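Student: I would like to learn how to read individual features in a structural model. Could we take them one at a time, with the general idea before the particular case?

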Amino acid sequence: MQGEFLNPISNGKDLNCMHGSEWHMWRSRFNPGFSRTNIRTWIPAIIEEVDAFANVLRGLSGGDGQWGQVFPFEQISSNLAFDVTGRVVLDTRLNSQSLYPSPFTIAYREQLSRMEITLSPRKLLWRITPLFKLIVRRKRNLLFKHLRPFITKGINDASNSPRTIIRSAVEEYTGELGVDGTGAKTPDDAFIEQVFYQLMIFFFGGDDALSITIPRVFRQLQLNPECVAKLQAEHDAVLGSDPSLAAEKIREAPHILDSLQYTLGVIKETLRMNPATITIREGQPTFNLKINGEDKPWPTDGFDLFDSSITIHHDPANFVDPLKFMPERFSALEGDKLHPARNIWRGFQLGPRKCIGQELAVVVLKLVLVFTVRNFDIEMAWDKWDKVREMQGLKVDRRTVEGERMYTTGKATSHPKHGAPMHVRMRNSGKG
Ligand code: HEM
């Protein structure tokens, strides 16, 4: 089902869909590019993109400390995620956060609209038509045309600039490449195509999970204002009390981000309460399950195993007061009742198939918090949203789940309801 869902962007031939030795080979090629050391070299570029994000927020605030208009926070988060991926993977600015997004951003977003898991008979019938398949294939080929020059450039790039994800993957592969008469490395077409599919899953993984998580962080902060004060205190202590100097300080010493332990706790606690993705693994003849306290083994062969991180994260046997937002859990020392047991937090999953983009995601989320919590108030704005929908003649849906309007919904992955309608005001300018 995963391959079918991802087909419009990666033809089902990406890391997420691969298994066994094929997966292992590609994962090993890309791991170095996503390593902490390599991602650190990209921090100045990521800062530029997060700065653009903060400018978008400034533009959407009401000015003079007033609340601005309501807007779907997920959309601006997705634009940021896409631009960050563009920098780290392609070393280019995709300008998705600007008025004039790159043609690649536009084509990719259009193709995304063809991806959804549905039970609608009308849509299912449309999808098996030759016309739908032709449209999907043509658009995927168009996306390939956009990315191909970046891939071939990455293959022959010998500059001293930070290593893109493409370049580091190629360095792993270089030994196998032929060399043409001019001494340039000759990229193999099959290799280029396969790299393209992997890049597409990186764009998808980054865009999807980050755009889900960023609004959730701000929702948790709205519900827990004491955590905002603690975040601000940590940023003042580590980065200095003038927020406008933070970017320069981080550029000069990117490892300073490692000192933001409470900020990391806020990110991990948000992912504990609202994991962004799910994990399903194919059962194996050699893998049996044992239930605690029982001797009998349960075979898994022929079954799909659902490793439900949300269930694990919400179990009081694993996390004290699981429904309480407590970032302190992640700095509690061993022996403290808040200290989580080893391997019990699965925000990015565990083991060899854990998220390849974890280091990148954490850097982005930390920078988003550094650039916002001392400068803006960010809150849900459902009343304004309902009015806007009424004025547009659209249905107003006030349903809640466990008292929360921003519940999880989505056509395949877990998105916040209505894209998380929020509004923003500037801090420190005389709040209205
Ligand atoms: C808050 C941000 C993110 C979260 C919470 C997240 C979470 C996860 C999780 C839980 C998995 C494992 C899924 C499974 O068990 O099947 C995963 C896999 C993956 N993620 Fe992320 N992710 C995030 C950001 C990113 C970014 C920024 C990228 C790339 C730019 C990325 C690329 C991938 C890929 C390619 C896989 C599949 C890895 C494999 O199967 O080898 N993710 N992610």
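Student: Which side chain does Arg251 meet in a salt bridge?

Tutor: Please keep in mind that this is a predicted model. To call a salt bridge, one looks for a side-chain nitrogen of Lys or Arg within 4 Å of a carboxyl oxygen of Asp or Glu. Here the side chain of Arg251 meets that of Glu248, with 2.8 Å from N to O; the two residues both lie in helix α12 (residues 246–252), three residues apart, which is about one turn of the helix.

Student: Are Arg251 and Glu248 buried or partly exposed?

Tutor: A residue is called buried under 20% relative accessible area and exposed over 50%, with partly exposed in between. Arg251, at 35%, is therefore partly exposed, and Glu248, at 39%, also counts as partly exposed.

Student: Which residue forms a salt bridge with Asp386?

Tutor: The partner is Arg405, and the closest N and O atoms are 3.0 Å apart. This pair, too, links distant parts of the chain, from Asp386 in helix α16 to Arg405 in the loop between α16 and β9, 19 residues apart. Asp386 is buried, at 4% relative accessible area, and Arg405 is buried as well, at 13%.

Student: How many salt bridges does the structure hold, and which residues are linked in a network?

Tutor: There are 24 salt bridges in the structure, and Glu48, Glu49, Arg87 and Arg93 are linked in a network of them.

Student: What donor does the protein give to the iron atom of the ligand?

Tutor: The iron atom has a single donor from the protein, the SG of Cys355, 2.3 Å away, and Cys355 is found in the loop between α14 (309–313) and α15 (358–372). Leaving aside neighbours within four places in sequence, Cys355 is in contact with Arg27 and Phe348. An unreviewed UniProt entry lists Cys355 under "binding site".

Terms used:
Residues numbered from 1 in each chain as written. Predicted model: local features only at pLDDT ≥ 70, side-chain atom pairs only at ≥ 80, totals over all residues. Heavy atoms only, no water. Donors = N, O, S within 2.8 Å, 3.2 Å for Na, K, Ca; no water. Helix = DSSP H or I, 4+ residues; strand = E, 2+ residues; numbered from the N terminus. UniProt positions renumbered as here; feature names shortened; annotations may be inferred. Contact = heavy atoms within 4.5 Å. Buried < 20%, exposed > 50% of the residue type's maximum accessible area, 1.4 Å probe, protein only.
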